[in-house]
Amino acid sequence: MARTGGQISQSEHNQHRLQRALSWFERSEKARADEEKFIFLWISFNASYGSEPTGMDEDQLTENRKIRNFLHEIIKRDAHQKIGTILLEKHSEPLRVFLENPYVFRLFWRWARDPSSAYNWRKRFESNRDRIQNALEQKNAHTVFFEVFKRLYELRNQVFHGGVAFAKGWGHTQLRNGTNIMADVVPVILDIMKADIEANPDSEIWGKVAYPRVGDNPD
């Protein structure tokens, strides 16, 4: 007999979430092109933080809140500060290049779509850059972590909405840098989540998956 989403236990939600995220990450390791690798890595990340709809339209602000809350929980559980090591040490220079790239800054594209507007994206960009610089100097992994994923989310929009051509054209510098960062960060995120779920199978922290398994047929 088919089960409805409401009959699925929290531990099952957690298991399904982790299984889906891991499956996409494993596939990303086999990808050769940056475009493919980035797509698989983003789906893996999305599977890890995505949750059931809130009942309102899911706009970008709502999505940003979900990501922010999720990253906060990850950082809290990063006992060995692996995220900080990756962002502040291993990828420190590529990270600076990525964060100083206006093409992954949302407000730049707001201006690019309407150059006649009085919106000063550059002032906001420079202010944001100074704040990130301070966070890097103070080794504030949480601030850097969230800022990186705000930029990665903008890159995700470009890729998923056809804003870059496959294997050629503009936009591939930030795509390559973003992919390299995600390739190291995503498995750490999944390891932290896996450890927490193994220790607390019924934990409600990770929420309920947006698309729970329904029915007994795996297809």
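## Charged and aromatic side chains in a predicted model

The side chains of arginine 151 and glutamate 147 come together in a salt bridge, with an N to O distance of 3.1 Å. The model in which this pair is found is a predicted one. Arginine 151 and glutamate 147 both belong to helix H8, where four residues, or about one turn of the helix, separate them. Arginine 151 has a relative accessibility of 1% and therefore counts as buried, and glutamate 147, at 2% relative accessibility, counts as buried as well.

Glutamate 147 also takes part in a salt bridge with the side chain of lysine 150 (3.4 Å, N to O). Lysine 150 and glutamate 147 both lie in helix H8 and are three residues apart, which again is about one turn of the helix. Lysine 150 counts as partly exposed, because its relative accessibility is 30% and the buried class is kept for values under 20%.

A further salt bridge joins the side chains of glutamate 147 and arginine 131, at 2.9 Å from N to O. Glutamate 147 is part of helix H8 (residues 141-160) whereas arginine 131 is part of helix H7 (residues 121-137), so this pair ties together parts that are 16 residues apart in sequence. Arginine 131, at 39% relative accessibility, counts as partly exposed. The table lists these salt bridges of glutamate 147.

| Salt-bridge pair | N to O distance |
|---|---|
| Arginine 131 and glutamate 147 | 2.9 Å |
| Arginine 151 and glutamate 147 | 3.1 Å |
| Lysine 150 and glutamate 147 | 3.4 Å |

In general, side chains of opposite charge can pair when their charged atoms come close. The structure as a whole holds seven salt bridges, and elsewhere Glu73, Lys76, Arg77 and Asp196 are linked by such bridges into a network.

Histidine 91 is buried, its relative accessible area being 8%. The side chain of histidine 91 makes a polar contact of 2.7 Å with the side chain of aspartate 184. When residues up to four places away in sequence are not counted, histidine 91 touches Ile86, Asn180, Ile181 and Asp184.

In one of them, phenylalanine 45 and tyrosine 49 form a tilted pair, with 4.9 Å from centre to centre and 50 degrees between the planes. These residues, phenylalanine 45 and tyrosine 49, are four residues apart in helix H2 (residues 34-49), so about one helical turn separates them, and both phenylalanine 45 and tyrosine 49 are buried. Phenylalanine 108 and tryptophan 111 form a tilted pair too, at 5.8 Å centre to centre and with 45 degrees between the planes. Phenylalanine 108 and tryptophan 111 both lie in helix H6 (residues 106-113), three residues apart, about one turn of the helix. Phenylalanine 108 is buried, at a relative accessible area of 10%, whereas tryptophan 111 is partly exposed, at 29%.

Phenylalanine 45 and tyrosine 49 also belong to one aromatic cluster, whose members are Phe38, Trp42, Phe45, Tyr49, Phe70, Phe145, Phe149, Tyr153 and Trp206. Finally, charge and ring are brought together at arginine 156, whose charged end sits over the ring of phenylalanine 160, 4.9 Å from the centre of that ring.

Note on methods
Residues are numbered from 1 along each chain as its sequence is written. This is a predicted model: local features need pLDDT of at least 70, side-chain atom pairs count only at pLDDT 80 or more; totals for chains, interfaces and linings use all residues. Side-chain values use heavy atoms; hydrogens and water are left out. A salt bridge is a side-chain nitrogen of Lys or Arg within 4 Å of a carboxyl oxygen of Asp or Glu. Helices (H or I, at least four residues) and strands (E, at least two) are DSSP runs, numbered from the N terminus. Buried means under 20% relative accessible area, exposed over 50%, partly exposed in between (1.4 Å probe, protein chains only). A polar contact is a pair of N or O atoms within 3.5 Å; within protein, one must be able to donate a hydrogen and the other to accept it, and residues adjacent in sequence count only if both atoms are side-chain atoms. Contact means heavy atoms within 4.5 Å. Rings of Phe, Tyr and Trp (its six-membered ring) pair if their centres lie within 6.5 Å; planes under 30 degrees apart count as stacked, over 60 as edge-to-face and the rest as tilted. A charge sits over a ring if NZ of Lys or CZ of Arg is within 6 Å of the ring centre and within 35 degrees of the ring normal.
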